[in-house]
Amino acid sequence: MILLVVDTQKLITNSNLYHYDVFENAVKTLIAAARENNVEVIYVRHDDGAGEELTKGTSGFEIYEGFSPQPGEKIFDKTVNSSFKGTGLLEYLREKNVRIVAVVGLQTDYCIDATIKCGFEHGFKMIVPENANSTFDNAFMTGEQSYKYYNEFMWKGRYAECISVEEMIKRMKG
C-alpha cells in the first residue's frame, strides 16, 4: 500500500477549496499516519507548462508547506490529469509490487478523478479516504456538489473504495 498525494501545490491549496480546513486536517492526519506505519508517501505535482501559473520553477508549483515531503520521499511530475501517464509512477509501483493505492489531494473533478480511474484500469485497488480530496466551484457545480458527486456516486463501488479517515488509518496499521 502507498499513500499518493496528488497536486497539493501552493498555488491551489488554499481556503477557496470546498471544506478547506477539513480537507487540510484529513490530509495532514493521513500523511502522519502513513509515516508512523511505514506506508510509503508519494507525491505528484502538476506542471501546466511554460508561461502558466502552475509551472515548474514558480513558487506555486511547489508542494504546500503543510504537506511537505520528507527527505527521500518520491515526487513525480506530470503534465496531464492522470498521475500514471508518462510520470514513471506506474513503473515504480509495479516494480515495488504495490497493489493498493490510497489517493488524497487536488482537484476532485480533475486530477483525482483521472488518477483514480486510471489506477483502477491498471489493476490497482484504489482507496479514497473521506474528506481528503477537494476542489473549487466551477461554472456547472459548486465544490461541494463536485465532491459529493465523485466521492458518493461516481467512484464508490465502481472505481474505488471510499472509506473514513479512521478506517484508512486502521488499514495502514495492518
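Where does Gln-107 lie? Gln-107 is in the loop between β4, residues 100-106, and α3. I start there for its backbone. This is a predicted model, and in it the peptide bond from Leu-106 to Gln-107 is cis, with omega near -20°.

Helix α3 covers residues 108-121, and helix α4 covers residues 143-154. Their axes come within 10 Å and cross at roughly 20°. Angles under 35 degrees count as roughly parallel, so α3 is roughly parallel to α4. The crossing of the two helices is right-handed.

Which residues meet there? On the α3 side they are Thr-108, Asp-109, Asp-113 and Lys-117. On the α4 side they are Ser-146, Tyr-147, Tyr-150, Asn-151 and Met-154. By type, the residues of this contact divide into three nonpolar, three polar and three charged.

Asp-7 sits between β1, residues 2-6, and α1, residues 20-36. Asp-7 is not a glycine, yet its phi is positive, about 55°. Is Asp-7 buried or exposed? Its relative accessibility is 2%, and the cut-off for buried is under 20%, so Asp-7 counts as buried.

The other residue is Asn-97, in the loop between α2, residues 89-95, and β4. Asn-97 also has a positive phi without being a glycine, here about 60°. With 48% relative accessibility, Asn-97 counts as partly exposed, because exposed would need over 50%.

To recap, the cis bond runs from Leu-106 to Gln-107, and the positive phi values belong to Asp-7 and Asn-97.

Conventions: Residues are numbered from 1 along each chain as its sequence is written. This is a predicted model: local features need pLDDT of at least 70, side-chain atom pairs count only at pLDDT 80 or more; totals for chains, interfaces and linings use all residues. Side-chain values use heavy atoms; hydrogens and water are left out. Axes are lines fitted to C-alpha atoms, for helices over the stretch in contact, and angles run from 0 to 180 degrees between N-to-C directions. Helices (H or I, at least four residues) and strands (E, at least two) are DSSP runs, numbered from the N terminus. Angles under 35 degrees count as roughly parallel, over 145 as roughly antiparallel, 65 to 115 as roughly perpendicular and the rest as oblique. A crossing is left-handed if the near helix is turned anticlockwise from the far one by less than a right angle, and right-handed if clockwise. Contact means heavy atoms within 4.5 Å. Ala, Val, Leu, Ile, Met, Phe, Trp, Tyr, Cys and Pro count as nonpolar, Asp, Glu, Lys and Arg as charged, and the others, Gly among them, as polar. Buried means under 20% relative accessible area, exposed over 50%, partly exposed in between (1.4 Å probe, protein chains only).
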